[in-house]
Every structure is written in C-alpha cells, then in structure tokens.
Amino acid sequence: NDKLTQEEGVMKIIDLILTIDFELEMEARTLNNNDYKNLLNIDKGGMILNSDSEITSTSFLTEGTTTYNIENTKTIEGLPFVPATGETYSNVITLKTDTPNNRGFVIQNGYISKERPDLYGKNCRVKTLKVIYPNIESPFEQIVTLKDDTSLQFVPFMWNLLDDCKEVQIVIDSVYQGTKYDDVCINYISLVTQTPVEISER
C-alpha cells in the first residue's frame, strides 16, 4: 500500500517545514535550489491544510499587466500577494470556510523567487498582524508577531473559538522594512484543520 498513514503524512510535512525553518542573512536573503524545492512541496499535505477555504482581499497591487492579487497565496510557487499602494494597513484579508474545527492558519512571509532571491530582502515583510474574529457575539482581535524568515508560521486561533471559527480577518499592523521597496509581500496563506504543533514557534 503506497498511501501514507495520517501520522506518517504529518511527520513528512513537519520534516519539510523544519528543513526550511532557517535564519537568513538580512541583506542576502537567498534560497538554494534544494530549499526552494522543499518550499514547493509543502502545500501538498492536504491532511492538515483546509483546501475548501475561500480567501479574499479588499485590494491588491497592479503593475502594468502584472497583478499581485490574493489568489497568489493559494500556492507557494509564483508571485506573492501585495496590497495596493497606500492600503497596506487598511487592507483586509478574509479567510472563510464552511468546514468546522479549524485550528488556525499558516502564513509564509515575503517575496520568494528562485530566479530573484534578492527580492525577499528588498521588499517589506509582515512583522505584526491583527487577527480579527468578526462572527462572534463580541468581536475582538489579537496581535501576532511573525518571524522575519521564509518558514511556514502557524497562527493558532483562540482556544475557545476552535469549534466554531469559520471566518477570520487579517490586517497588517507593522512591517519589516525592505532595503529597496515599500511593497509588503505575503507568499502563502492557508487555514489549518489539524494542529501542527511542531511549526507553532514564532
């Protein structure tokens, strides 16, 4: 039987995540080919990621014929998402699903490109973000600090909302400044339906 058990599949994904969870030099911000291949394989572990979720954004950047829209965050390969100029801190990203028992979401910071690894450091990355729970009796928000690296970072939902949370909003609160550009880049976002404890450190 070639199918992985659930436990084996989770451990395989965790191994990949730990492989790419490394510190980068502030100016270089480079990825070698093997690291990049691991990044591309991360989102194939459907057993922990919610593939039925919908993601929207109130704005996105367009440069000529190139669009940095929120759909870009559905895969690790390709262009990142970038809010429209002047809307970095007012842009709202919404994650929504009909599936219950969501444990949180994973997010990957920055502009990640095999051909242009320098674009990670040249563009801004998210430092802190607001996580807003709109569909509860008394909506509230939490502030989450992200590491400035290329790892997949797990953001858990509030423990008392795990059973009912089907919608969450994300707003950028502060950034790690890029060395050349003011654009803020997010490479990947996905809801998580099982808690990957080993990638929860931020």
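Which residues does Gln169 touch, not counting residues up to four places away in sequence? In this predicted model, the contacts of Gln169 are Val92, Ile93, Thr94, Lys130, Val131, Ile132 and Pro134. Gln169 itself belongs to strand β9. Between Gln169 and Lys96 the C-alpha to C-alpha distance is 8.7 Å, although 73 residues separate the two in sequence. The setting of β9 is described next.

Strand β9 is part of an open sheet of five strands, arranged in the order β1-β4-β9-β6-β7 with antiparallel pairing. At the edges of this sheet are β1 (54–57) and β7 (140–145), each of which pairs on one side only. From one strand to the next, the twist averages 25 degrees. In general, the strands of a sheet are held in pairs through backbone hydrogen bonds, and the pairing may be parallel or antiparallel.

Strands β6 (residues 125–133) and β9 (residues 167–176) run antiparallel and are joined by seven bridges. Two positions illustrate this pairing: Val131 is opposite Ile170 of β9, and Arg125 has Tyr176 of β9 as its bridge partner. Strand β6 also pairs with β7, again in the antiparallel sense, over six bridges. Here Ile132 is found opposite Glu141 of β7. Seven of the nine residues of β6 are buried, and the strand is thus mostly covered.

One of the residues of β6 is Thr128. Its relative accessible area is 10%, which is under the 20% limit, so Thr128 counts as buried. The side chains of Thr128 and Ser174 are joined by a polar contact of 2.5 Å. With residues up to four places away in sequence left out, Thr128 touches Ile143, Val144, Thr145, Ile172, Asp173 and Ser174.

A further open sheet has three strands in the order β8-β5-β10, and its pairing is antiparallel. Strands β8 (152–156) and β10 (186–192) each have a single partner strand, so one side of each is left without a neighbour in the sheet. The twist in this sheet averages 20 degrees from one strand to the next. Five bridges connect β5 (residues 104–109) with β8 in the antiparallel sense. Within this pair of strands, Ile107 has Gln153 of β8 as its bridge partner.

The nonpolar residues were examined next. In soluble globular proteins, nonpolar side chains tend to be buried together. The largest nonpolar core of the model has 25 residues, and those touching the most other members are Ile93, Leu95, Phe105, Ile107, Leu129, Val131 and Ile189. Two or more residues of this core come from each of β4 (93–96), β5, β6, β9 and β10. Leu95 touches Glu54, Ile55, Phe105, Lys166, Glu167, Val168, Ile170, Ile189 and Leu191, when residues up to four places away in sequence are not counted. Another core, of seven residues, lies apart from the largest one and includes Leu49, Ile76, Val106 and Phe154.

Aromatic rings form two pairs in the model. In one of them, the ring centres of Phe105 and Phe157 are 6.3 Å apart and the planes stand at 50 degrees, so the pair is tilted. This pair links distant parts of the chain, with Phe105 in strand β5 and Phe157 in the loop between β8 and β9, 52 residues apart. Both Phe105 and Phe157 are buried. In the pair of Tyr133 and Phe157, the ring centres are 5.9 Å apart and the planes are at 80 degrees, so the arrangement is edge-to-face. Because Tyr133 is in strand β6 and Phe157 in the loop between β8 and β9, the pair ties together parts 24 residues apart in sequence. Tyr133 is buried, as is Phe157. Phe105, Tyr133 and Phe157 together make up one aromatic cluster.

A polar residue in a loop was also examined. Asn72 is located in the loop between β3 (66–68) and β4. The relative accessibility of Asn72 is 17%, and Asn72 therefore counts as buried, the limit being under 20%. A polar atom of the Asn72 side chain lies 2.9 Å from the backbone oxygen of Pro80. Not counting residues up to four places away in sequence, Asn72 touches Thr67, Leu79, Pro80, Phe81 and Asn187.

Definitions and conventions:
Residues are numbered from 1 along each chain as its sequence is written. This is a predicted model: local features need pLDDT of at least 70, side-chain atom pairs count only at pLDDT 80 or more; totals for chains, interfaces and linings use all residues. Side-chain values use heavy atoms; hydrogens and water are left out. Two strands pair if DSSP finds at least two bridges between them. Helices (H or I, at least four residues) and strands (E, at least two) are DSSP runs, numbered from the N terminus. Axes are lines fitted to C-alpha atoms, for helices over the stretch in contact, and angles run from 0 to 180 degrees between N-to-C directions. A nonpolar core is a set of buried Ala, Val, Leu, Ile, Met, Phe, Trp, Tyr and Cys residues joined through side-chain atoms within 4.5 Å. Buried means under 20% relative accessible area, exposed over 50%, partly exposed in between (1.4 Å probe, protein chains only). Contact means heavy atoms within 4.5 Å. A polar contact is a pair of N or O atoms within 3.5 Å; within protein, one must be able to donate a hydrogen and the other to accept it, and residues adjacent in sequence count only if both atoms are side-chain atoms. Rings of Phe, Tyr and Trp (its six-membered ring) pair if their centres lie within 6.5 Å; planes under 30 degrees apart count as stacked, over 60 as edge-to-face and the rest as tilted.
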